[in-house]
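Colleague: I am new to this structure and would be grateful for a close look at one part of it, namely the way in which its elements pack against one another. Please set this out as a connected account.

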Amino acid sequence: MRIAIYGKGGIGKSTITANLAAALADQGKHVLQIGCDPKHDSTRLLLNGKRVMTALDYLRDVPPSRQRLSEVFHTGYKGVVCAEAGGPEPGVGCAGRGILSTFALFDRLGLKTEEFDVILYDVLGDVVCGGFAIPLRKGFADIVYIVTSEEFMSIYAANNILRGVKNFDESPYRTAGLILNSRGETEDREKVYRFSEAVRLPVKHTIQRSNLFRKAEELNKTIVEAFSESSETELFQTMARGFLDNNNLFAAAPLEDEALEAIVLKGGIDTNKKIDHDILESNSAEKENSGKEEPGILSVSDQENGLAGSVFLSKSMLCREPLHGCAFTGAICTTTQINDSITVVHGPRSCSHIACQTILAGGLRALYQKNVIIPEQLFPSMLSSDMDERVVIYGGKDDLIKKLRQAIAKKPQAVFLLTTCPSGLIGEDPESAIRIVSSENLGIPIIPVTTDGNLRGDYMQGVLNACMEGAGALIDPCACQEDNLVNVIAEKNIANNTEINFAVISKLLNKLGITVNCRFVRRTSIKALRGFLKGRLNLPAFNDYFGRVMIDFLKERFQVSFAQNSFPIGFYESERWLKEIAAFFGKEAEAERIIDFFREEYRAMIKPFRNALEGKRIMIITYIHDTDWILETAFDMGMEVAKVCILNYSQDNLFFTRYSDKFEVETNYLPQKRDDDLRRLKPDLLLYNYTPQNLPLDLHADIIPLCPDVGFYGGLVFARRWATLLKSPVKEGWKYEFEKIA
Amino acid sequence: MNLKKLPEITPDGFTGAIMAIEGIKDAAVLLNGPTGCKFYHGAVADGQFPRVDSLDPLYYSEEFYFGQPRVPATYLDDHDYVFGATNKLEKILPVVAQKGHSLVAVVNSPGAALIGDDLERFIEQAGLPVPCFAIESTGFSDSFATGFQIAVIRALKLLAPQPLEFKGKSVNLVGMSIYHRHWQGSLDELCYLLKICGIRVVSVLCAGSGVEELKKLGSAEYNLVVHDEFADHITPFLKERFGQESIVSEKGAPVGFDATEAWIKKVCNRVDADPSPAQKVLAAARKQSCEVLSRFNSLTGLPKGATFAVSADPSMALPLTKWLYSWLGMVPVSICTGDTNNDYADILKKFLSDTGCKNAWNMDAADVRPDVAFGSEIFISRLRLCGLPVIGIDISLPGNGYMDVIQKSLLGARGALYLLEKIINGL
């Protein structure tokens, strides 16, 4: 049972909630109380005055890899579990966003709500933004109580809360009633009763003003704990029993402001006059289909249960580094690779535009520089809800529904829904829109991917989430393996040579009689994703952090087999890779024949380059931690490797070489050391990830790519380049000129 | 499902505002927002209006720059949205201010705009040696031009140029941005045509002029509009501040011979200058085009009768369509001006109607198989990938990554000849 207790700030709802929690605990219930108020004192009395680390402070101060739910959940009176969301200092930041972040944290850390008999949400009711409405969303409170006093502003707040409930109302209705926390005998309770009658909501309990509350507070205890025999405690025990046994629920029927004033302030209900209930019906107030779901349709609840928010975090998220890019862009660069689908973006047009340009840049580069057509990156299949000023103030559920319907009308095989920072910040509930549109369009799954711009992580986190929650949601667990089929995993959608590399890999596989079943997730289709498990072996394109997370995810979720080696670069790796795959499929003899063929060719091909490069010294400064393919090429050419310098790079720290005794190595290399090293080692050729400027001596310098070409001849491309480069003048004319004018 | 029919997603006011400030030669945008909003704008600003000679990412590896020389950012994350970005703003402002800029604009990303951090307070407390102002919100999904003009006006309010005595025949050019394709070449061409007519360009708002030039804009006699969509809010502001009247050509931007001549004649008439030097240049260009066209036409019959599609702002689409139709005899089959609707769009609709080409208005170009397509590289590529052997002439961003060493113009006499060259070589 999950109960939200709302009320105006200062009305006493935290005291009431804490006492109810204590009373429920007295009755043997396992209770969780979550304080959703920036002043974070909801659970203070249950914890005997102890101030605890709030969820938001914890989120800020502790890196995700070290975060544990137990450190933000504190045990109080009779085992009541207490948590406080906390919030920013007044005047800065966004407290509503803080509530959203708190619940996202609990979700990520694996809160199991079913372990509790009762969950109480103590929520500030003055603020009406999406963050504070989180407990009203589906999956949170089943029951809502509103605390009010006799004061008009308190009743006004209660009416506002009803408006919020109504906006989220889904059958069955969730409002249980009012709790009158009386300011004293002299107050006019009739106001509350008139309001109660007008909004058709009972006053379930009345709490009399009592000095015992103050006395208990002075003891840092609830009344239930401090004065267990008091009549006040008896009332809370009765209320607690009522919570458990008697929760008739009502529709939220808020009043229009004018009607509220007339009824509450001016007294009496004119029985001859119809009461003006709030008629600000939004189109989205269409009743959501809470009934049965058609088989085969991926419902939101399926996704909640089976494919919950990612627990696989990007490296930047784990290390709390500055986030590079946003999860939204990472996700859309991935979902738009899935043919026959449309990605709907809920956000302002700028977000869609920026993401679209990121996708198109790669498509246009491939088209104009490599003459490779990648339709997915030239026609990114996306629609933007074009969130405007009106939406950021009033919410955009109706616009989103409209956009989802527009997407469905195109008859895709799936729709992905991604959200942006503004959507996350205003606390939009896209799943509510999905439920409505899904109920109208059986057969086309609408799949949300956790993004909220960069609120849920960086670019890589978005890629991971899109692979796991988006593409992963489509995999049919019943598909059976078929012979000679493999899947390709973790290709990079933003690299320039992904298609060329895939062609090389496909060709090698085809020589073994093996074909690619599904590329996860690159230029694929809904059908291929559904049949993902037909692939007997999975081939990671990269064994970097992204590749490793994908492997962990797919192994954990689907228990599939993986090749150990990633896409190979150079002869040694290609031979090893081909042998591994051949061994898996029992095709060792074919592999040997293929390797022999390539060996002959390779030997013939390196001769002219070796003549040009033999004896030349190279020095390498790079972010790449796998340099063996460069070194193999250099050694095959008879070159001397003076030094390998590995720059610090957040994504990996896994430098390893099979040539460890053949040259000087320095990891965590500081770029400032470069000039001294160059003067000392005097290499003929310096390799960098970009062309370095202002070198201390004249020498040839060239770049090495972060994503090199794969296959037996991957290194030869560079041997050819170096051989040519060393024939060119060490310093070009324009550089002399540039030095003069700089 | 025909995904190729999904609408092209154009930039909005957020990008417009950033490009306006980055279009001031010595000004910088400081983005209060995540890196997801930074990288794209940093790359576009640097590509469209490079300011440093070489690009060594290590020089810009410091915090806030992330390897790019342009658009440093506070790299907001979830924590900053909850607790505010006070610490980062306090740190970044002095870092950016010491880079030698003459003006810094702190621009909120759409997400940051929702939080309501008091940017002006941070700026005031920072006591920077550089004029600095905040754009708290650039709107949500407003047009590019709206955000552009908001930023220009905000910058001018801070710089507070004073009304000055008019010096000779002079104008400010209004309604150009660095986001316009070939903006530098087009600007050079317009300045040249004005100069030979004895008209001085005091400043360009905001494409290439520096802060000092903008401070002197009050000395210009008139504000001469190039693309009205990018000027219709700025010009009333300038009139109110400086009493400057605007010159707006009813034929649209100076695209093609006739619209350019009308534009030049109008400004010359207003400032009492002699348009004949520019007219001579235009006459020479017309003659040159005739020589090329007569040979080309005699062999092929083209470009007469070739069909074309245009996807552009109305101030560009109107003169381009008219020129292609009347000078070259080409036939419009698809004319789209996006969501911008102004007088030029109305005139264009009427023109299409009068010439029997009414159906071309807002027609999906993919459905009518044009011979030549004018628009962004995306617009062109999509047509080609629909299997249409279209000749593409990119007149707006994004481009295809081609780096122009020699500046091209889309406006004026040189612009008409450039377009002609592309058309006849394509056909």
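Modeller: The domain bounds used here come from an automatic or database domain assignment. The model itself is predicted.

Let us begin with the sheets of chain A. One of them is an open sheet of eight strands, with mixed pairing and the order β3-β4-β2-β5-β1-β6-β7-β8. At its edges stand β3 (74-75) and β8 (203-207) of chain A; each has a single partner strand, so one side of each is left without a neighbour in the sheet. Within this sheet, β2 (31-36) and β5 (118-124) of chain A are paired in the parallel sense over six bridges. One residue pair can be named here: Ile34(A) has Tyr121(A) in β5(A) as its bridge partner.

Helix α4(A) lies across β1 (2-7), β6 (143-148) and β7 (175-181) of chain A, and runs at about 165 degrees to β6(A).

The helix α4(A) also has a helical partner. Two packed helices are described by the angle between their axes and the distance between the axes. For α4 (152-168) and α9 (257-265) of chain A, the angle is about 140 degrees and the axes are 11 Å apart. Because of that angle, α4(A) is oblique to α9(A). The crossing of the two helices α4(A) and α9(A) is right-handed. On the side of α4(A), the contact is made by Phe152(A), Ile155(A), Tyr156(A) and Asn159(A), while α9(A) contributes Leu260(A), Val264(A) and Leu265(A). By class, the residues of this contact between α4(A) and α9(A) are six nonpolar, one polar and no charged.

Another sheet of chain A is an open one of five strands, with parallel pairing and the order β20-β19-β18-β21-β22. The edge strands are β20 (664-669) and β22 (700-703) of chain A, and each pairs on one side only. From one strand to the next, the twist averages 15 degrees. In this sheet, β18 (617-622) and β21 (685-688) of chain A pair in the parallel sense over three bridges, and Leu687(A) in β21(A) is the bridge partner of Ile620(A). A helix lies across these strands as well: α26 (674-681) of chain A lies across β18, β19 (640-647) and β21 of chain A, at about 170 degrees to β18(A).

We now turn to the other chain. Chain B is divided into domain 1 (13-159), domain 2 (170-277) and domain 3 (298-426). The centres of domain 1 of chain B and domain 2 of chain B, taken over C-alpha atoms, are separated by 27 Å. Their contact takes 19 residues from domain 1 of chain B and 17 residues from domain 2 of chain B. On the domain 1 side, α1 and α7 (144-159) of chain B each supply at least two residues. The largest share of that side, seven residues, comes from α7(B). The residues of the side of domain 1 of chain B that touches domain 2 of chain B comprise twelve nonpolar, four polar and three charged.

The axes of α13 (314-326) and α14 (343-354) of chain B come within 8 Å and cross at roughly 25 degrees. That angle makes α13(B) roughly parallel to α14(B). The crossing of α13(B) and α14(B) is left-handed. Here Pro314(B), Ser315(B), Ala317(B), Leu318(B), Thr321(B) and Lys322(B) in α13(B) meet Tyr344(B), Ala345(B), Ile347(B), Leu348(B) and Phe351(B) in α14(B). Divided by class, the residues of this contact of α13(B) with α14(B) are eight nonpolar, two polar and one charged.

The last contact is the one between the chains. In it, 46 residues of chain B are in contact with 59 residues of chain A. On the chain B side, α1 (13-22), α2 (35-48), α3 (78-83), α5 (110-115) and α16 (377-385) each supply at least two residues. The side of chain B that touches chain A has 23 nonpolar, 14 polar and nine charged residues.

Key
Residues numbered from 1 in each chain as written. Chains lettered and ligands numbered in written order. Predicted model: local features only at pLDDT ≥ 70, side-chain atom pairs only at ≥ 80, totals over all residues. Contact = placed C-beta atoms within 7 Å. Helix = DSSP H or I, 4+ residues; strand = E, 2+ residues; numbered from the N terminus. Nonpolar A, V, L, I, M, F, W, Y, C, P; charged D, E, K, R; others polar. Axes fitted to C-alpha atoms, helices over the stretch in contact; angles between N-to-C directions. Parallel < 35°, antiparallel > 145°, perpendicular 65-115°, else oblique. Left-handed = near helix turned anticlockwise from the far one by under 90°. Pairing = 2+ DSSP bridges.
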